[in-house]
Amino acid sequence: MSNDVNPGTPENPDEDRPKPTEPSAPAAAEPETQSSAPQPAAPEQSGRQRLAAGLWPPRVSRAQLIVALLLFVLGLGLAIQVRSTSDNSALRGARQEDLVRILDELDDRSQRLEDEKARLETQRSELESSSDQAEEARKQTQEKEQQLGILAGTVAAEGPGITLTIRGAAEAVESDKLLDATQELRAAGAEAIQINDVRVVADSYFTGSGADIEIDGTKVTAPYVFKVIGKPEDLEPALNIPGGVVQTLEKEQATATVARSQKIVVDALRPANRPDYAQSSSQ
């Protein structure tokens, strides 16, 4: 047996086998050549689209936030102030005829104050020019005492005015209706008021209801007769205005009649109460 090696056969069979090729790194992509063809132009945006793009998303700085907060607080304060002023206004929701009546009453009141001012200035001039100032002062003091007595209800009074007569069922004429009539007359310039046999003054009060109405603790019953001294041309229209005393009573199924007169006598008197503690400070 021969040990000769076949020269055509390699000693190591693996040496002549082809080695597997390792995957090579991908070749760097070549930059794409820009097409020489022209690109289509972007569509032009409308004004609304540009405005929306400018507003959103919002770009707000810290300073703008502070200013916005201050403006909000200021606006809130102004709104609260205006609302408070509107709610507290006495004329809010008043009807046109009520506003006209209020203006007329203010004009009349202003005129009465001007007349009072002129009268006082005349008295001062008389005192300054009078040769007997003591006698003139005594005379004016007596006149003032009479005027204060009329207002206080301690002396009788007479003069032009009206008579207001209210008739109706007990449930139709309540004490508040009598009070409303009294206030309307005072606002129109009434200088002396008497209801039935009761003298009504600044501190008078009305209580009760139905058939148990009292004025200053004195019971009064229907018909309620108001004797009022003042300027008739001012007193009667104040009661007959739309929405006034007469119309309100008619809605309650009551009647109110007004009669003018050149002589009204108010003779119901109130006792002159002497103060317990107060004393005159004049020397």
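Reader: What share of the 283 residues in the chain is buried?
Author: Buried residues account for 22%. Keep in mind that this is a predicted model.

Reader: How many helices and strands does the chain have?
Author: Seven helices and eight strands.

Reader: Which residues have the most contacts inside the largest nonpolar core?
Author: Ile166, Leu178, Leu185, Ile193, Tyr224, Phe226 and Val228. That core holds 29 residues. Several elements supply at least two residues each, among them strand S1 (157-167), helix H5 (175-187) and strand S7 (224-229).

Reader: Take Ile193. What does it touch, leaving out residues up to four places away in sequence?
Author: Its partners include Leu185, Val198, Phe226, Val228 and Val266. Val266 belongs to a second, separate core of five residues.

Reader: Switching to Asp216. Where does it lie?
Author: In the loop between strand S5 (213-215) and strand S6 (218-220).

Reader: Is Asp216 buried or exposed?
Author: Buried. Its relative accessible area is 18%, and the cut-off for buried is under 20%, so Asp216 qualifies.

Reader: What does the side chain of Asp216 reach at 2.8 Å?
Author: The backbone nitrogen of Tyr205. The Asp216 side chain also makes a polar contact with the side chain of Arg270, at 2.6 Å.

Reader: Which residues does Asp216 touch, again skipping those up to four places away?
Author: Val198, Arg199, Asp203, Ser204, Tyr205 and Arg270.

Reader: Last one. What is the accessible surface of the chain?
Author: About 21,500 Å², with 53% belonging to carbon and sulfur atoms.

Definitions and conventions:
Residues numbered from 1 in each chain as written. Predicted model: local features only at pLDDT ≥ 70, side-chain atom pairs only at ≥ 80, totals over all residues. Heavy atoms only, no water. Helix = DSSP H or I, 4+ residues; strand = E, 2+ residues; numbered from the N terminus. Buried < 20%, exposed > 50% of the residue type's maximum accessible area, 1.4 Å probe, protein only. Polar contact = N/O pair within 3.5 Å; in protein donor to acceptor, adjacent residues only side chain to side chain. Contact = heavy atoms within 4.5 Å. Core = buried A, V, L, I, M, F, W, Y, C linked by side-chain atoms within 4.5 Å. Areas by Shrake-Rupley, 256 points an atom, 1.4 Å probe, with all protein chains shown as cover.
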